[in-house]
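Welcome! Here is a short briefing to read alongside the sequence and the 3D view. Take it one topic at a time, and look up each residue as you go.

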Amino acid sequence: MPTVINRNDIANYIGHQAAPTEWHQINQQQINQFADCTLDHQFIHVDEEKAKATPFGSTIAHGFLSLSMLSHFAEEFSVIIDGFYMGLNAGFDKVRFLQPVTVNSRIRAHAKTLSIEEKKPGQYRISTEVTIEIEGIDTPALVAEWISVQMVK
């Protein structure tokens, strides 16, 4: 569940570390569907036999598939300002892919609120550092600084 905060308490949530999200397993069907959506059918993602001969030993998720899972995970880690009625994705200040996610791996997100600024009346720019953890692996799949905008009444 997102954390709902009062506008008067925003300063208290800078540096807020959300609880880790629930785990999500990346399976071959999801990888194949992402390949179809993006038209990225590189063998390392979709050809299970050829991928066995790579250093990974199996297919791997697209880096952008792992990144796109932030939208799913945000439902659990977001800080939401009371009166919120709409959110917008404003992009990223930084994204680094550090470790491939092999098929059938489980991933989850860790998030820390870096800043919340009211840019215009009722429009808050939020910067969140997000790390995607791969179960059982020390190196994260990715680290990103995600920028979003919340429209608040």
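This is a predicted model: local features need pLDDT of at least 70, side-chain atom pairs count only at pLDDT 80 or more; totals for chains, interfaces and linings use all residues.

## A guided look at the model

Phenylalanine 77 and tryptophan 146 are both buried.

**The overall picture**

- The protein has five helices and seven strands in its secondary structure.
- If you read along the sequence, these elements follow the pattern β-β-α-α-α-α-α-β-β-β-β-β.
- The C-alpha trace spans about 55 × 30 × 25 Å along its principal axes.
- Of the 153 residues in the protein, 39% are buried.
- UniProt, in an unreviewed entry, places the feature "domain: MaoC-like" at residues 12-120.
- That span, residues 12-120, is 30% helix and 31% strand, and its end C-alpha atoms lie 20 Å apart.

**Aromatic pairs**

- The count of aromatic pairs comes to three.
- One of them joins phenylalanine 64 and phenylalanine 97 edge-to-face, with 5.7 Å from centre to centre and 85° between the planes.
- This pair links distant parts of the chain: phenylalanine 64 belongs to helix α4 (residues 63-68) and phenylalanine 97 to strand β4 (residues 84-97), 33 residues apart.
- Is phenylalanine 64 buried or exposed? Phenylalanine 64 counts as exposed because its relative accessibility is 57%, and the cut-off for exposed is over 50%.
- Phenylalanine 97 has 41% relative accessibility, so it counts as partly exposed.
- Phenylalanine 77 and tryptophan 146 form another edge-to-face pair, at 6.5 Å centre to centre and with 75° between the planes.
- Here too the pair links distant parts of the chain, with phenylalanine 77 in helix α5 (residues 70-77) and tryptophan 146 in strand β7 (residues 142-152), 69 residues apart.

**Charges over rings**

- Lysine 50 has its charged end over the ring of phenylalanine 43, 4.8 Å from the ring's centre.
- Lysine 153 does this with tyrosine 85: its charged end sits over the ring, 5.3 Å from the centre.

**The largest pocket**

- How is empty space found? Rolling a probe the size of a water molecule over the atoms shows where such space is left.
- The volume of the largest pocket is about 290 Å³.
- Which residues lie nearest the centre of the largest pocket? Among the 19 residues that line this pocket, they are Ala74, Ser78, Trp146, Ser148 and Gln150.
- Two or more lining residues come from each of α5, β3 (79-81), β4, β5 (106-120), β6 (123-134) and β7.
- Sorted by class, the lining of the largest pocket holds 10 nonpolar, eight polar and one charged residues.

- Seven nonpolar, five polar and one charged residues make up the lining of the second largest pocket.

**Loops to look at**

- Leucine 39 has a phi near 60°, which is a positive value in a residue other than glycine.
- You will find leucine 39 in the loop between α1 (28-38) and α2 (43-46), and its relative accessibility of 69% is why it counts as exposed.
- Asparagine 104 is not a glycine either, yet it has a positive phi of about 70°.
- Asparagine 104 lies in the loop between β4 and β5, and it is partly exposed because its relative accessible area is 46%.
- Aspartate 9 sits in the loop between β1 (3-5) and β2 (24-25), and with a relative accessible area of 33% it is partly exposed.
- How many residues separate aspartate 9 and isoleucine 81 in sequence? They are 72 residues apart in sequence, while their C-alpha atoms are 9.3 Å apart in space.

How values were computed
Residues are numbered from 1 along each chain as its sequence is written. Side-chain values use heavy atoms; hydrogens and water are left out. Rings of Phe, Tyr and Trp (its six-membered ring) pair if their centres lie within 6.5 Å; planes under 30 degrees apart count as stacked, over 60 as edge-to-face and the rest as tilted. Helices (H or I, at least four residues) and strands (E, at least two) are DSSP runs, numbered from the N terminus. Buried means under 20% relative accessible area, exposed over 50%, partly exposed in between (1.4 Å probe, protein chains only). A charge sits over a ring if NZ of Lys or CZ of Arg is within 6 Å of the ring centre and within 35 degrees of the ring normal. UniProt positions are given in the numbering used here, feature names are shortened, and annotations may be inferred rather than shown by experiment. On a 1 Å grid over the protein atoms alone, a cavity is a set of points where a 1.4 Å probe fits but cannot get out, and a pocket is an open set with protein on both sides within 12 Å along at least five of seven lines; lining residues have an atom within 4 Å of a point. Grid points are joined across faces, edges and corners, and a volume is the space filled by probe spheres set on the points. Ala, Val, Leu, Ile, Met, Phe, Trp, Tyr, Cys and Pro count as nonpolar, Asp, Glu, Lys and Arg as charged, and the others, Gly among them, as polar.
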